[in-house]
Amino acid sequence: MKRKRFAVEQIVAVLKQVDAGLPVSDVIRKLGISEQTFYRWKKAYGSLEVDQVRQLKQLQEENARLKRLVADLTLADLTLDKAMLQDVVKKKW
């Protein structure tokens, strides 16, 4: 079965439909998702508005980018430290 990706805005709209009174079973059947998926969405995005979800997604992307940057810098720093220590050891001998 092919997986279908839903945009965060679509997920929030679905949650709003259920809050408005539509039965959960009808909504999940219409979308072709499991009940578990619906409740996972509700847990993650239930209390958020569309603009808050967009901001959350942007912050998560920025955080991931910064983590990669820090990891790369740390690796480069460690490589430089290793090279400097090897030079010091060579000079001592």
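Q: Which residues of helix 3 are buried, and what makes them line one face of the helix?
A: Bear in mind that this is a predicted model. In helix 3 (residues 35–45), the buried ones are Thr37, Phe38 and Trp41. Looking down the helix axis, they fall within an arc of 100 degrees, so they line one face. Gln36 and Lys43, on the other side of helix 3, are exposed. The cover over the buried residues includes helix 1 (8–20) and helix 2 (24–31).

Q: How do you know whether Trp41 is buried or exposed?
A: Check its relative accessibility, which is 10%. Buried means under 20%, so Trp41 counts as buried. Phe38 comes out at 1%, so that one is buried too.

Q: Why is the pair of Phe6 and Trp41 called edge-to-face?
A: Their ring centres are 5.3 Å apart, and the cut-off for a pair is 6.5 Å. The planes sit at 70 degrees, and over 60 counts as edge-to-face, so that's the label. Phe6 is in the segment before helix 1 and Trp41 is in helix 3, so the pair ties together parts 35 residues apart in sequence.

Q: What about Phe38 and Tyr39: what makes that pair edge-to-face?
A: Here the centres are 5.1 Å apart and the planes are at 80 degrees, so this pair is edge-to-face as well. Tyr39 has 40% relative accessibility, which makes it partly exposed.

Q: Why do Glu9 and Arg54 count as a salt bridge?
A: The N to O distance is 2.8 Å, and the definition asks for within 4 Å, so the pair qualifies. Glu9 lies in helix 1 and Arg54 in helix 4, so the bridge ties together parts 45 residues apart in sequence.

Q: How far apart along helix 2 are Asp26 and Arg29?
A: They are three residues apart, which means about one helical turn. Their side chains meet in a salt bridge at 3.4 Å, N to O.

Q: What makes Leu73 exposed?
A: Its relative accessibility is 54%, and exposed means over 50%, so Leu73 gets the label. Leu73 is found in helix 4 (residues 50–92), and together with Leu66 and Leu69 forms a nonpolar surface patch of about 270 Å² accessible area.

How values were computed. Residues are numbered from 1 along each chain as its sequence is written. Side-chain values use heavy atoms; hydrogens and water are left out. Patches are made of residues with over 30% relative accessible area and no salt bridge: like charges are joined within 9 Å, nonpolar side chains (Val, Leu, Ile, Met, Phe, Trp, Tyr) within 5 Å. Accessible areas come from the Shrake-Rupley method with a 1.4 Å probe; for residues, only the protein chains shown count as cover. Helices (H or I, at least four residues) and strands (E, at least two) are DSSP runs, numbered from the N terminus. Buried means under 20% relative accessible area, exposed over 50%, partly exposed in between (1.4 Å probe, protein chains only). The arc is that of the directions from the helix axis to the C-beta atoms. Contact means heavy atoms within 4.5 Å. Rings of Phe, Tyr and Trp (its six-membered ring) pair if their centres lie within 6.5 Å; planes under 30 degrees apart count as stacked, over 60 as edge-to-face and the rest as tilted.
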